[in-house]
Amino acid sequence: MKKTLLMASIVLSAACGTVPESVDHPDATREEICRVEPLSWWVGMKTSLQLMVQGPDIASFEVSIPGKGLSVKSVHKADSPNFLFVDVDVAPSATPGTYYLVFSKDGQSFRYPYRIGERASGSARRESFSTADMIYLIMPDRFARSEAPESTYEDGSLVPWTVPVLPDQVDRKDAVARHGGNLQGIIDHLDYIEDLGATAIWCTPLLLDNQPHESYHGYACADYYHIDPRFGDNALYRTFVQKAHERGLKVIMDVVTNHCGTAHWWMEEAPFKDWYHVNEPYMQMNALFSVYMDPHASIRDRERQESGWFVPSMPDMNLDNPYVLKYFQQWAVWWTEYAGLDGLRVDTYPYNEPGPMSRWCKAVLEEYPHMNIVGECWDMNIPQLAYWQKDNPNKNGFNSNLPSIMDFPLQNAILRALQEDKVYWDEGMTRIYTVLAQDFAYQDLSHMVTFFANHDHARTGDVLGRDPQRMKLALALLATLRGIPQLYYGDEMMFLERKDVPSHDGAKRIDFPGGWADDPVNLFTAVGRARAPELYGEAADVHDYARALFRWRKGCKAVQEGRTLHFLSRRNVGPVNITDNSYSFFRYTDDEAVFVYINNNPEPRTLEWNHYREFVTGPVQGTDILSGDPVTLKDGLSIPPKSALIVQFNR
């Protein structure tokens with residue numbers, strides 16, 4: 001009878017996708033298994049599954065997975081006896097459900113539940129961000145706070161997560177402390193982001209950052225598989241992605257493979273001695289990206305670039321260790337599959353070891369062939385920047401497999417150009433012309449992310465002298481130049497750095513007024529913007545300008561997909577031929593065109609339409625995309641000082 005009941009239990013468990021082990025093996029306690037990562041997996045993945053298991057003396061145990069569908073292929077011991085790396089085969093025919101890792105030694109055994117899920121329909125074919133999008137960059141701690149639902153810590157696994165000690169407390173008066181923004185705050189303001197014309201959201205890291213000070217930015221990770229509980233939890237992050245998708249907004253996750261934080265749990269005991277780069281005495285990186293393509297570079301300089309720490313609080317990961325690389329490959333795939341992500345942004349890309357990072361990109365793209373990944377390659381040297389883009393014909397044969405790069409040379413040119421009035425040959429708008437003239441260096445212009453500021457920069461409003469006219473010119477350029485535009489939160493209203501604290505990154509990363517219940521000003525609403533005090537007196541005007549630009553851009557194929565033809569004006573002043581501080585260009589397809597005239601002069605300019613006769617002859621009827629009014633492009637049309645004329649017309 002007992003045998004009959006056991007067989008019935010096996011049949012029922014198989015139907016439910018579980019393996020009946022409760023009869024023979026007790027559940028593992030927290031003292032026996034500390035963690036298993038990845039937290040869960042799915043049937044039908046191309047990425048092979050390697051589990052990292054942590055537990056006291058776990059290396060002395062044998063591992064098995066009873067039943068059909070999953071099996072242990074091999075087991076690898078680490079330097080620490082408290083870690084095991086288990087290669088698991090997930091058969092294509094495996095039934096989604098709960099399986100058990102069984103650990104046994106000397107008659108002792110216990111089991112750990114592991115969930116294998118069913119992939120969402122079309123998961124592998126998901127589309128990503130492109131030139132059709134405008135990316136809105138948010139620093140979650142500084143954006144908005146709303147009461148979040150009760151945390152569940154549902155994360156795809158079956159084992160509840162223990163919330164760690166969180167030393168960095170909330171103090172909005174302190175520029176480098178936590179200010180309390182959270183995921184629910186972003187969810188509650190998705191309508192604002194959509195209305196602005198954004199089509200994608202990039203949040204700075206939301207994973208646990210447990211540093212005792214300045215943890216608000218999230219770039220010193222303490223746990224790669226859990227959202228920081230001050231932002232919410234894994235389940236709420238997945239809800240955020242779903243809510244964004246309902247509004248036509250894509251979500252890009254900010255990932256950091258180069259370094260973790262000193263508060264990461266593995267800093268107490270790492271699996272391998274070379275899990276991260278151990279430098280004694282301390283060695284900081286040299287920020288010398290040229291060592292990878294420089295034929296004269298010394299080994300010493302390259303080693304410092306690869307192995308030096310970013311800062312003393314951010315240990316440098318060793319991606320040359322194959323287990324570390326596999327860990328980060330799976331991690332990126334896990335979050336994409338679990339949350340339904342639309343893209344990835346990689347922090348400090350050239351600080352990683354190039355070879356392993358190329359294999360990291362390749363692994364993600366093998367799982368998701370249409371995924372876009374953009375790397376932060378902060379380099380003003382255009383050939384060096386181009387080196388990092390996928391399929392660039394590098395002389396040393398290196399291929400990064402990184403689809404997109406951030407256009408720092410263009411960002412620098414825009415801001416420098418807009419600060420200059422009286423200019424000569426290579427100044428003012430010539431700077432933008434010169435940068436774009438070097439587009440031949442890039443492998444794929446459609447995968448250049450353009451921007452004029454991000455979370456590491458000074459506030460554009462301050463850089464441009466709190467001048468709303470210059471701010472509008474920056475927005476006009478961002479909306480019409482080639483590439484994928486990215487707008488930093490608040491720049492649509494010319495946010496300024498805090499002046500009540502010393503100048504610091506934290507002072508630049510200001511709170512969004514209206515994001516907290518007790519804020520006296522609410523810039524999320526039209527009424528709030530209209531009633532804003534003097535400090536935000538231009539908020540409504542600049543916001544409406546940005547909104548008009550980016551909402552129009554959503555439907556304009558000429559700026560999303562078109563080619564560029566640009567013109568620079570010169571004018572005679574006495575015997576000297578100097579630059580006219582204006583810049584004009586066409587973005588065009590076979591069917592439509594957009595004419596953009598940027599007048600960065602303090603005086604009006606009169607259009608000389610014959611100047612563009614190689615592209616179009618005679619007057620052209622079009623629509624001023626900012627006013628919506630019809631306009632005729634012809635000789636004599638006046639462009640006011642410090643303004644942009646943007647006209648769309650059919651070819």
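This is a predicted model: local features need pLDDT of at least 70, side-chain atom pairs count only at pLDDT 80 or more; totals for chains, interfaces and linings use all residues.
**Ground rules.** I number residues from 1 along each chain as its sequence is written, and side-chain values use heavy atoms, with hydrogens and water left out. Local features need pLDDT of at least 70 and side-chain atom pairs count only at pLDDT 80 or more, while totals for chains, interfaces and linings use all residues.

**Overall fold.** I looked up the secondary structure and found 16 helices and 26 strands in the protein chain; these are DSSP runs, helices being H or I of at least four residues and strands E of at least two, numbered from the N terminus. The radius of gyration is 27 Å, close to the 26 Å that the globule rule gives for 651 residues, so the chain is as compact as a globular protein of that length. That radius is taken over C-alpha atoms, and the rule is 2.2 Å times the number of residues to the power 0.38.

**Burial.** I noted that buried residues make up 60% of the 651 residues. Buried means under 20% relative accessible area, exposed over 50%, and partly exposed in between (1.4 Å probe, protein chains only).

**Salt bridges.** I found 38 of them in the structure, each a side-chain nitrogen of Lys or Arg within 4 Å of a carboxyl oxygen of Asp or Glu. One joins R551 and D195 (3.4 Å, N to O). R551 lies in helix α15 and D195 in helix α3, so this pair ties together parts that are 356 residues apart in sequence. I also looked at D228 and R230, whose closest N and O atoms are 2.9 Å apart; D228 and R230 are both buried.
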